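Me: I am new to this structure and would like to learn how to read it. Please take me through the features one at a time.

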Amino acid sequence: MNQQTVAVIGAGFSGVLLALQLLRRCPATTSVTLIERNGGFGRGQAYSTENPNHLLNVPAGRMSAFRDRPDDFIDWLRQRAAADPALSGVSPGSFVPRALFGQYMRHLLEVERSIPERGGRLTLLRGEVVALRKQPDSLSLDLADGRVLRAGLAALAVGNFPPGRPPGSDPDIADRPWYRPDPWAPEAFTGLDPEAPVLLIGTALSMIDGVVSLLDLGHRGPIHAVSRRGLVPRPHPAQADPLPASPIPPLPTDMSELLRLVRQEARRRLADGGSWHAVVDALRPSTQDLWQAMTLEEKSRFLRHLRPWWDVHRHRMANPVARRVEEARASGQLRIHAGHLRTIADAPGGAAVTFCRRQDGVEETLTAARLVNCAGPAGDYDHLDDPLVRDLLASGHARLDALRLGLDVTSACALRDANGAVSRRVFAIGPVTRAAFWEMTAVPDIRRQCEVLADHLAAVSAVAPPLMASAAS
Ligand SMILES: Cc1cc2nc3c(=O)[nH]c(=O)nc-3n(C[C@H](O)[C@H](O)[C@H](O)COP(=O)(O)OP(=O)(O)OC[C@H]3O[C@@H](n4cnc5c(N)ncnc54)[C@H](O)[C@@H]3O)c2cc1C
């Protein structure tokens, strides 16, 4: 038994950064084991793409891993400019390839491993954790290949989960030659007739990546994208807003009031020659407080009515990407449809997808040689088939929040078990905690959460072993 080991499950941005922060904060007797099931430590789902036209959707100047060193990512990019001339003009407002951010995180990990007093305390373990069990004085983690790991504390940094089967499809859709469940898989768009119609399910940022991939491959045929509302992410402002940041008055917690205020501020700013983006951005420091102040009923109303609008204004497209998408729409190659999917069936040469149009309720059928699921992260945790999450729920070590947005965690990121009891050994960070914090998606939010959790775990692991051993799990 090793009470001083913290197991971090998942080595995307959240897991890597938490590991780095733990090594800096925990006593020298604490070691960290970072466990990742896929190839690259530090890349996760977002930064694994090799396509140089899949850009960060946040300007580089806001992507530092460290709040107290806001230029860290920019400085790293500038150092690389000697070897990569494409980076020579990089500025805080640049949108750089996402793969570079994955390399940056890997670089931070390597630097940490090279520091004698900290690197020796970090173990990188390739494997998939499929179950987590409480022992009298520790935790045991079962890996898919049969290995078992002991740890005193564990943090789930498992990220987002892939979308489920599209509505209207057969349970065996995964076996159809025309269906692709993952828009970032190398085979998602290869082997296509460049003139053939393609249909993308979803119209958010994953769809945008799909369109970019198709355009990069020289696709000339029609590209259709369908979602319930047909809302597409807005671009970042083309130029810096000339107006100074306007202080937003005290924010009401009533949703209708808040919406009215935001619209009014956005209109005022636009009339003064500024942009609405600054108003949305000014809400960011308060979004967690606003979310936590809402009743369950208000949260539910927000999710039903406002979330799609919030998402497209808040999670925006990089400008170079937005220009390509606009061109494809203007030429008629890319068509966005709003409607509910009804049926997905085999058709000569591909799939026939029928949806009920939002604007008039009329059913329309599109045929496509390829159907790619770009629906974005799974939103309904009731139907996840992730082995670890299923195990945690089945064993009662975790429970879902009332809205099924993620795992039920405290403000200190501790899991609540099936009875609501707060775990003193198992924690979670990143997107699985969105039920408690709402905005826990982008780097600026997650890096703050990693700091807070690392402080907490450092305090817990500094406690003498006998006290830790007697702690309830
Ligand atoms: C396509 C895309 C683009 C994005 N672009 C941006 C952007 O430009 N800027 C921004 O700020 N945010 C962006 N985001 C948001 C992004 O989610 C966060 O920035 C951040 O990367 C989330 O990291 P994570 O580590 O929590 O999750 P992930 O990146 O999903 O990493 C989770 C990791 O855990 C591993 N894992 C899961 N379960 C297990 C298990 N049981 N055992 C072992 N390993 C496991 C997975 O293999 C994965 O590597 C983007 C998200 C996506 C999906």
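Me: How far is an oxygen atom of the ligand from a polar backbone atom of Thr441?

Reply: A polar contact is a pair of N or O atoms within 3.5 Å; within protein, one must be able to donate a hydrogen and the other to accept it, and residues adjacent in sequence count only if both atoms are side-chain atoms. For Thr441 the distance to a ligand oxygen is 3.5 Å. A backbone N or O atom of Val443 is 2.8 Å from an oxygen of the ligand, and a side-chain N or O atom of Ser14 is 2.5 Å from one. This is a predicted model, in which local features need pLDDT of at least 70, side-chain atom pairs count only at pLDDT 80 or more, and totals for chains, interfaces and linings use all residues. Residues are numbered from 1 along each chain as its sequence is written, and side-chain values use heavy atoms, with hydrogens and water left out.

Me: How are two aromatic rings described?

Reply: A pair of aromatic rings is described by the distance of the centres and the angle of the planes. Rings of Phe, Tyr and Trp (its six-membered ring) pair if their centres lie within 6.5 Å; planes under 30 degrees apart count as stacked, over 60 as edge-to-face and the rest as tilted. The count here comes to 11 aromatic pairs. Phe73 and Trp76 are stacked, because their centres are 6.1 Å apart and their planes at 15°. Both residues lie in helix α2 (residues 72–80), three residues apart, about one turn of the helix. Phe73 and Trp76 also belong to one aromatic cluster with Phe13, Tyr47, Phe101 and Tyr104.

Me: Are Phe73 and Trp76 buried or exposed?

Reply: Buried means under 20% relative accessible area, exposed over 50%, partly exposed in between (1.4 Å probe, protein chains only). Both Phe73 and Trp76 are buried. Another pair is Phe161 and Tyr381, with centres 5.7 Å apart and planes at 90°, so this pair is edge-to-face. Phe161 and Tyr381 are buried.

Definitions and conventions:
Helix = DSSP H or I, 4+ residues; strand = E, 2+ residues; numbered from the N terminus.
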